[in-house]
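Trainee: I'd like a close look at one part of this model, the surroundings of the ligand. Please take me through it in one go.

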Amino acid sequence: MGAEEPVTILLVDDQPAKLLAYEVILSELGETLIKAGSANEALEQLLKSDVAVMLIDVCMPDLDGFELAAMIREHPRFQKTAIIFVSAIQVTDLDLLRGYAAGAVDYVPVPVVPDLLRAKVRVFAELYRKTRQLETLNAELERRVAERTAELAQTNADLERRVEERTREREAALAQVHEMQKVESLGQLTGGVAHDFNNLLMAVLGNLEILRKFIPDNPRLHGLIDGAIQGAERGATLTRRMLAFARRQELRPETVDVPKLVDSMVEMLRSSLGPGVQILTQFDANLPATRVDPNQLELALLNLALNARDAMPRGGMLTISAHRAPVGVGDVPGLKAGEYVCIAERDTGIGMDETTVKRAMEPFFTTKGPGRGTGLGLSMVDGLVAQSGGAMRIISKLGTGTTIELWLPVSEPEKAEEVGPAGPSPLPIDKLRACRVLVVDDDPIVAAGTAAMLEDLGHHAIEADSAEIALQMLSSEAGIDFVITDHAMPGMTGAELAQWIRRHRPHLPVVLVSGYPEVPGDELGLPRLSKPYRQEELARLLASLVDVEPPPFSGGAISTPSNGPGEGVRAMPRPKRRPREARFARVRL
Ligand SMILES: Nc1ncnc2c1ncn2[C@@H]1O[C@H](COP(=O)(O)OP(=O)(O)OP(=O)(O)O)[C@@H](O)[C@H]1O
Ligand SMILES: [Mg+2]
């Protein structure tokens, strides 16, 4: 109700003249006036309209005013309606009390004084209006309180939901960090073990190779040695996978055209997977090149294909595809925003359950049973792509096959290099220079193995078991043509030794040996060998450094003098045994 809205006033009297008189007097108030000539009529009007004030004649023939007031009060709607009695006769105090008890709020004596009547009715009309306004305001207030309460409840619910979301995100992030730390420490442990094993394998392989040349021509003995070499080579493959998982393998990234690389593998894959597995390839037209070590990528794709074969014991289909994939911030976990090539291997095999999907990348996790899988396949692939700036993703469900995606960064703007079939090119034959080589390694077995290989190649090796001793020998020994140094040594590292040599003997070639890729010294452009290396690799590297053709690798070359005097490298006959000088460093120091 508005502040100025008229209220309804009910005038009750059995005499129409009096009703008219009241009407005239009250019309000035500007309120709505309705009239009733009897108690019954008054009740009817009351029920029809929203009456603010009633003016009732006390003496009416059918029902007196007091009785009518009492009836009205009984009705819950009218308990607070203002009733003013008009009484023509002198009312006693007792009558007044009876009237008040019946619900009267005021009396107007007859003869009615118009101003008095108007004043009394105005007060109650105004009271009614104010009460209604208050009620409206109250209702509005309650509505707004209810609205705010609902808003607050909603905000509270939102807040709780966000707190829950944040808690879940935090828990997931913590779990991820925990997982990363676990993988990181496993990586360090694995990398460390692999590194130590590489040293041992280096010694085993090197010595076996030399030994093979010296044993009598007995097939049984050769078979035994070959078996031992094969075992050591399998060990080397395992350590390579361990280093790959530990993201510490030495990578030689090139710009790779993925379709060409895959196409060159298909025949090999067909024979590895057997006739039961159909191989399909699908590549985007104009697929950009990617930058990765092609040999390692081949190995990774082969690993995935072998997993697919194992997952399809009754045969199936393996689809190798590649497409260009732009990645936005946060699109693929572990990937920066940018352009990628996504290589996928999809099989129609048994798929993986949720636990296997979660754990498949863990090193040494396998479901293939003892002796059937090392559990290093996927972790090696994951290590390779991560080390190459990409990421791996597994999409699999039990019974619906598996897709493994490798995301590798696009290499632009160079054009892809041709990737030919793997395998060494034939060695050029003929000349060999005999050199004096300083071998630096803190592990005497490894140093001795390298020295034996060198001497077998016709070179002359001297050993130092630390970089510090190597420095002394470089100043005291004349005619050293090469230094082959291990990197990870206590005290001065191989890279530091190489830096010193580069400063003081800039023309002396240094070969850095390591099992790790992150060896500093790249800025020096040092030739590198990864442990365990074979005699053939060593021969090739040395030949490339002195710019002569390496010897034919036929199990022990006889050196032939080919250099004239003053050329800096001396020819010497291949020693039958390691000469005493080869132990020079160790004996002298
Ligand atoms: N394509 C696939 N389909 C179903 N399960 C797979 C697939 N690839 C991997 N897995 C599951 O993930 C596990 C780990 O795979 P991973 O290649 O790392 O090791 P592995 O294959 O068991 O051993 P290894 O690679 O040394 O032979 C597997 O044992 C297998 O349970
Ligand atoms: Mg595998």
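Trainee: How many residues surround ligand 1, and which are the closest?

Mentor: This is a predicted model; local features need pLDDT of at least 70, side-chain atom pairs count only at pLDDT 80 or more, and totals for chains, interfaces and linings use all residues. Residues are numbered from 1 along each chain as its sequence is written, while chains are lettered from A and ligands numbered from 1 in the order in which they are written.

Ligand 1 is surrounded by 23 residues (C-beta, placed from the backbone, within 6 Å). Asn 307, Ala 311, Thr 366, Gly 373 and Gly 377 are the closest. Two elements give two or more residues each to this shell: helix 8 and helix 10 (377-387). Helices here are DSSP runs (H or I, at least four residues), numbered from the N terminus. Helix 8 has the largest share, 4 residues. Sorted by class, the shell holds 13 polar, 8 nonpolar and 2 charged residues. Nonpolar means Ala, Val, Leu, Ile, Met, Phe, Trp, Tyr, Cys and Pro; charged means Asp, Glu, Lys and Arg; the others, Gly among them, are polar.

Now follow helix 8 (residues 294-311) to its contact with helix 7 (residues 258-273). Their axes (lines fitted to C-alpha atoms over the stretch in contact; angles from 0 to 180 degrees between N-to-C directions) come within 11 Å and cross at roughly 35 degrees. Helix 7 brings Leu 261, Val 262, Met 265, Leu 269, Ser 272 and Leu 273 to the contact (C-beta atoms, placed from the backbone, within 7 Å). Helix 8 meets them with residues including Pro 294, Leu 297, Leu 301, Ala 305 and Arg 309. By class, this contact has 11 nonpolar, 1 polar and 2 charged residues.

How values were computed. Two residues are in contact if their C-beta atoms, placed from the backbone, lie within 7 Å.
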